[in-house]
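I opened my notebook to get to know a new structure. Here is what I looked up, entry by entry.

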Amino acid sequence: MTEHKKLNIHMLGISMYTKDLYEMLNIDFDGKNNIFATGNTDRRFYSLRKENFFSNPVETGKPTHLFSPRFFCLLYASNKVFFHGLFSFARVVFFFFQPWLWKKCYWIVWGGDLYSARKSPVRAADKIKEWMKKQMIPRLAGVITLTEGDQQLVKDWYGFSGKFYQTSYPIPLQSVGMKERLANRMNLKKEWINIVIGNSATVTNQHMEVLDKLSKFKDQNIHIYIPLAYGNGEWKAYSQKVCDYAYGIFSRDKVTPIIDRMSGEEYTEFMRKMHIAIYNNNRQQAMGNIAIMLAVGAKVYIRTDTTMWDHYQLLNQKLYDVMKIDGMSFEEFIDYPEEEYKYNFDVLYERNDRQKIVAKWKNIL
């Protein structure tokens with residue numbers, strides 16, 4: 001089969017940020033040359049139009065649809081294949097048994113797909129997937145990371161010695177009218193302090209540890225929001241465990257679990273109302289959330305022992321150490337000077353300029 005020199009296949013799932021990527025690749029690039037295999041037929045999260053907005057989409061649906069003749073033809077005709085995260089067992093197996101495709105495949109590291117290397121898998125499927133990844137990754141055409149520190153981890157944990165790239169995903173900061181809405185955030189009232197914990201129903205958010213740290217403020221005027229709309233493994237059981245734990249410390253009128261998925265714009269509007277964001281993640285995770293929180297003016301706490309902390313330090317951005325909450329008074333915990341908010345806003349807005357993100361992707365596609 002003749003290879004199409006410009007055709008790119010994107011293997012990815014649906015998230016609130018996916019739509020922005022679809023739109024960028026169709027508006028700023030030739031949409032006909034970017035094919036999306038989403039594995040999900042729910043278009044609410046990535047299309048604003050009733051008609052087929054994205055050129056030539058491939059919706060693989062169930063994993064067995066990877067073997068559809070149309071997808072097979074497009075895959076073999078493509079020039080490059082991008083794994084937006086390597087989570088799916090079916091996709092890893094599918095590509096493992098076609099090693100002649102590896103030389104045109106690129107792995108975009110999302111976080112959990114990298115840090116799985118340091119876990120001890122229990123399920124047989126996870127053991128097989130991890131073993132297959134360790135055979136594939138050293139032989140891929142390239143690896144793309146969101147932080148500088150993850151590149152060394154890819155070398156150490158998977159033995160990759162090829163070409164690295166760094167990129168970022170478009171986020172809704174550049175949407176029409178968004179800058180003005182964010183600028184108005186300084187008018188947000190502080191009679192009640194809105195706090196968001198984590199980004200998903202994954203154990204790596206370490207929700208319970210944060211709830212324990214906040215327990216000393218339970219009599220203050222605070223309201224805690226916990227995004228639990230998705231996760232991995234037995235995430236629904238974990239989500240319920242987090243809710244039960246939170247209700248055991250705080251009154252129910254002070255805790256709101258977020259269990260329904262939102263679009264990028266809806267989630268950004270939700271985040272705009274937060275005063276404080278706490279990401280106790282013990283690995284690279286939730287970077288899109290953190291970027292938006294910094295831009296909307298929330299005081300952001302993260303761990304200092306992750307590659308994310310080093311990443312934001314290189315950008316000279318002001319974030320706070322989760323571990324220091326234990327020694328803070330409530331006034332210290334919520335204090336966030338206006339000049340720091342404005343500085344973080346300016347840095348994030350400039351860094352997420354659409355044309356700069358487009359330039360990064362032009363270097364990759």
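**Entry: two helices in contact.** I began with helix 11, where Met 287, Ile 290, Ala 291 and Leu 294 meet Met 308, His 311 and Tyr 312 of helix 12. Contact here means heavy atoms within 4.5 Å. I sorted the residues of this contact into 6 nonpolar, 1 polar and no charged. Nonpolar covers Ala, Val, Leu, Ile, Met, Phe, Trp, Tyr, Cys and Pro, charged covers Asp, Glu, Lys and Arg, and the others, Gly among them, are polar. Axes are lines fitted to C-alpha atoms, for helices over the stretch in contact, and angles run from 0 to 180 degrees between N-to-C directions. Helices (H or I, at least four residues) and strands (E, at least two) are DSSP runs, numbered from the N terminus.

**Entry: what I am looking at.** I noted that this is a predicted model, in which local features need pLDDT of at least 70 and side-chain atom pairs pLDDT 80 or more, while totals for chains, interfaces and linings use all residues. Residues are numbered from 1 along each chain as its sequence is written, and side-chain values use heavy atoms, without hydrogens and water.

Entry: I found 6 strands forming an open sheet with parallel pairing, in the order 2-1-3-4-5-6. Two strands pair if DSSP finds at least two bridges between them. Strand 2 (34-37) and strand 6 (163-166) are at the edges with a single partner strand each, so one side of each has no neighbour in the sheet. Strand 3 (residues 80-84) and strand 4 (residues 105-108) share 4 bridges, and I traced Phe 82 to its bridge partner Tyr 106 in strand 4. Helix 1 (residues 18-27) lies across strand 1 (8-11), strand 2 and strand 3, at about 160 degrees to strand 2.

Entry: Most residues other than glycine have a negative phi. I therefore stopped at Ala 286, which counts as buried at 9% relative accessibility and has a positive phi near 65 degrees. Buried means under 20% relative accessible area, exposed over 50%, and partly exposed in between (1.4 Å probe, protein chains only). Ala 286 sits in the loop between strand 10 (276-279) and helix 11. Gln 206 also has a positive phi, about 50 degrees, and is partly exposed at 23%.
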